[in-house]
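Welcome, and please take a moment to turn the model around before reading on. The paragraphs below will walk you through it step by step.

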Amino acid sequence: MAVAIIGVGHTKFGNRRDVNVPELAWEAMKQAFDSANVEQKDVDFFVVGTAGLWSSEAAVPSLMAEYAKLGVGSMRVEAACATGSAAIRVGYTAIESGEADVVLVLGVEKMQESTNPTVIEIIGRFGSYFWEFENFGLTFPAYYALHATAYMAKYGATEEDFARVAVKNHYYGAKNPNAQFQKEITLETALNSPYIAWPFKLYDCSPITDGAAAVVLASEEKVKEWGIEEKVWILSQGVGTGTANLSKRESFTSLKSAAFAAELAYKKAGIDMDAPYKQLDGANVHDCFTAAEIIAYEDLRFAKRGEGVELIRNEQTYIGGRIPVNLDGGLKAKGHPIGATGVSQAVEAYKQLLSKAEAGRQAEIKNGRWLTHNVGGTGHYSYVTIYSLEKR
């Protein structure tokens, strides 16, 4: 059964001390309902993606059922930084299986209710706790720095190459009114920022973020019944799982789970495995750190192994290049509220495919397909989803 996104909502990302958790969530939900022209009574089931360990509210589905008057079943989902895409998968499969016709998917996080050291420690526990965090104190800048240095050693990438990712994503984030950082930066600014975990500097790292995003999913039958004209179909989704302990992995220049998820998604969608970028109009990839974006280019087969760095050097992931990437600013500039990120990517796919993105960051839509790549941990979980103007 085909599944479509028929409405979307997205809050301003950043430090949202002006609202509490239900108020923040409702901002996105209300927009999604209005966009889809539905009401709470039309929803058969709702899914909430939230990690939530840093904020005051844990039972967010119950909280939102009460706050938003949703008298139906719900489910809370958590898959580290891939939580939002995991929530979309639950909603998508609920409709595919015939269990529901209309599903609301919400991703929400209020990370700044805790101090930065607390948030950094909690995220650090998303890896192999006893071996890596407890014994060696690894936090996520250090986790991804291992991948960055491996890539540098094998393929000759430099700190300047990573900084180019930050420059690109801030360039587009500056054009996104919902982004946490709406200011362009220069290469010099990025390179002169303080080190966090070599080779990463401040501008190589995504921020701690509050935010919410929501989508309304509907079955093909409901789309026809309601005569919905503006919709985007979920064409396919691939899911991969990596090892908890990094010492068990074969390579640090790739996230095997992401490459696996991409292969599944491409096969299901009938996309050419050798040059998938020729059949896509753009992508959102999980740039929690700048090197992660370059590695994603290769895991997604936008470039051959070792050649992903050439895409950023030659500005091939800007509008007009081989494949535009992170035109919303990505996690780097838009922000990274853990549970909302994957849903935010879906909102961006919807906006791009329907040519609703803001001026200066709208891709040219020729193929009618957009890819999202959402990673939990350092490839502990990976989701690759392909959205389309045409159903399969």
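Is Asp 299 buried or exposed? With a relative accessibility of 2%, Asp 299 counts as buried, where buried means under 20% relative accessible area, exposed means over 50%, and partly exposed lies in between (1.4 Å probe, protein chains only). Before we go further, a word on the ground rules: this is a predicted model, in which local features need pLDDT of at least 70 and side-chain atom pairs count only at pLDDT 80 or more, while totals for chains, interfaces and linings use all residues. Residues are numbered from 1 along each chain as its sequence is written, and side-chain values use heavy atoms, with hydrogens and water left out.

Let us begin with the whole protein. The protein has 14 helices and 11 strands; helices (H or I, at least four residues) and strands (E, at least two) are DSSP runs, numbered from the N terminus. Its C-alpha trace spans about 55 × 45 × 40 Å along the principal axes. A compact globule of 392 residues would have a radius of gyration near 21 Å, and the 19 Å of this protein agrees with that. The radius of gyration is taken over C-alpha atoms, and the globule rule is 2.2 Å times the number of residues to the power 0.38. Of the 392 residues, 62% count as buried.

The expected span of a helix is 1.5 Å times one less than its number of residues. Helix α3 is mostly covered, with 11 of its 14 residues buried; among them are Ile 88, Val 90 and Tyr 92. Just after α3, Gly 98 takes a positive phi of about 90 degrees.

Helix α7 (residues 159-173) passes the length check too: its 15 residues should span 21 Å, and the end C-alpha atoms are 21 Å apart. This helix is also mostly covered, as 12 of its 15 residues are buried, including Phe 162, His 170 and Tyr 172. Glu 160 and Arg 164 both lie in α7, four residues apart, about one turn of the helix. They form a salt bridge, with the closest N and O atoms 2.7 Å apart. A salt bridge here is a side-chain nitrogen of Lys or Arg within 4 Å of a carboxyl oxygen of Asp or Glu. Side chains of opposite charge can pair when their charged atoms come close. Glu 160 is partly exposed, with a relative accessible area of 33%, and Arg 164 is partly exposed at 27%.

How many salt bridges does a search of the whole structure find? The search finds 24. Our opening residue, Asp 299, pairs with Arg 305, and their closest N and O atoms are 2.9 Å apart. Asp 299 is buried, whereas Arg 305 is partly exposed, with a relative accessible area of 39%. Lys 334 and Asp 328 form a salt bridge with closest N and O atoms 2.6 Å apart, and both of these residues are buried. Salt bridges that share partners also join Glu 348, Lys 351, Glu 358 and Arg 361 into one network.

On a 1 Å grid over the protein atoms alone, a cavity is a set of points where a 1.4 Å probe fits but cannot get out, and a pocket is an open set with protein on both sides within 12 Å along at least five of seven lines; lining residues have an atom within 4 Å of a point. Grid points are joined across faces, edges and corners, and a volume is the space filled by probe spheres set on the points. The search finds two cavities of 30 Å³ or more. The largest cavity holds about 70 Å³, and its lining includes Asp 328, Lys 334, Glu 348, Lys 351 and Arg 361. Helix α14 (residues 341-353) gives the largest share of that lining, four residues.

Finally, look for the largest pocket, with a volume of about 650 Å³. Of its 31 lining residues, the closest to the centre are Leu 202, Cys 205, Ser 206, Pro 207 and Ile 208. The elements that give two or more residues to this lining are α4 (116-124) and α6 (140-155).
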